[in-house]
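Please walk through the model below with the sequence alongside.

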Amino acid sequence: MKIFLDSTDIDYIMRLRATGMVDGITTNPSLMAQSGKDFGEVLRGICALIEGPVSAEVVVTESEEMYKQGRHLADLAGNIVVKLPCTWEGMIACRKLANENIKVNVTLCFSANQALLAAKAGATFISPFIGRIDDTGADGMELIEEIRAVYDNYDFETEILAASIRNIDHVKNAALIGADVATLPPKIFEELIEHPLTDKGLEKFLQDWKATGQKIPVP
């Protein structure tokens, strides 16, 4: 499963990129607003750091305006993926952009029917919002399972991008079900490596080694 960071914080992205495990970036209007910077400057900076897909979202609701904004966003860098809402207007814009070989991430997906339409419209990614579904009392992972089954039934190439991830169990379960991508807040990404038994075991190994009085030479 590919891992994207859901962030516009370039310093954070630079630091976590050093892991070699950041496959892409997702952004949204809220994150852009929080950055306090020009959106074009932010996107170009991220795209210069990350070779993989960088999702950037339109901020209009009519299909022709979505298409025009999408074209502008795609012109900012070669790895931009245009984010469109999962609405009929979004589907129309998705098809137009896809026909021009511009990659599209259909966002705010909350049903398998929406995911089916997005795939038929040529979406590169579909973004089901797991955490927001959980907030309603339903199970967001069931939606991932349903979309996986639909896409496998018809060999759709659209990738399932698990979004609105709130905890590390969301990441694990998305991977078990077969999501192609998970986009994570940096905090969740960092928590993936943590386990108390790892810390305890490492502490014991280091204590035992220190007791030997030996050193491993380094150049």
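**Loop residues, overall build and helix packing**

Serine 164 counts as buried, at 18% relative accessibility; buried means under 20% relative accessible area, exposed over 50%, and partly exposed in between, with a 1.4 Å probe and protein chains only. This is a predicted model, in which local features need pLDDT of at least 70 and side-chain atom pairs count only at pLDDT 80 or more, while totals for chains, interfaces and linings use all residues. Residues are numbered from 1 along each chain as its sequence is written, and side-chain values use heavy atoms, with hydrogens and water left out.

Serine 164 sits in the loop between strand S7 (159-162) and helix H9 (168-177). Helices (H or I, at least four residues) and strands (E, at least two) are DSSP runs, numbered from the N terminus. The phi of serine 164 is near 55°, a positive value in a residue other than glycine. Most residues other than glycine have a negative phi. Asparagine 101 also has a positive phi, near 60°. Asparagine 101 belongs to the loop between H5 and strand S5 (104-109), and is exposed, with a relative accessible area of 71%.

A further loop residue is alanine 138, between helix H7 (130-135) and helix H8 (140-154). With a relative accessible area of 40%, alanine 138 is partly exposed. From C-alpha to C-alpha, alanine 138 and leucine 202 are 39 Å apart in space, and they are 64 residues apart in sequence.

What does the secondary structure of the protein come to? There are eleven helices and eight strands. Taken along the principal axes, the C-alpha atoms fill a box of roughly 70 × 40 × 30 Å. Of the 219 residues, 45% are buried. The protein exposes about 12,000 Å², and carbon and sulfur atoms supply 54% of that area; accessible areas come from the Shrake-Rupley method with a 1.4 Å probe, and for residues only the protein chains shown count as cover. Contact means heavy atoms within 4.5 Å. Among contacts between residues at least 6 apart in sequence, 57% join residues at least 24 apart.

Two helix pairs can be followed in detail. The axes of helix H4 (residues 63-76) and helix H5 (residues 88-99) come within 8 Å and cross at roughly 40°. Axes are lines fitted to C-alpha atoms, for helices over the stretch in contact, and angles run from 0 to 180 degrees between N-to-C directions. H4 and H5 are therefore oblique to each other, since angles under 35 degrees count as roughly parallel, over 145 as roughly antiparallel, 65 to 115 as roughly perpendicular and the rest as oblique. H4 contributes Ser63, Glu64, Met66, Tyr67, Gly70 and Arg71 to the contact, and H5 contributes Glu89, Gly90, Ile92, Ala93, Lys96 and Leu97. These residues divide into five nonpolar, three polar and four charged; Ala, Val, Leu, Ile, Met, Phe, Trp, Tyr, Cys and Pro count as nonpolar, Asp, Glu, Lys and Arg as charged, and the others, Gly among them, as polar.

Serine 63 of helix H4 is buried, with a relative accessible area of 11%. Not counting residues up to four places away in sequence, serine 63 touches Glu89, Ile92 and Ala93.

The axes of helix H3 (residues 39-49) and H4 come within 9 Å and cross at roughly 45°. H3 and H4 are therefore oblique to each other as well. Phe39, Gly40, Leu43 and Arg44 of H3 meet His72, Leu73 and Leu76 of H4. By class, this contact has four nonpolar, two polar and one charged residues.
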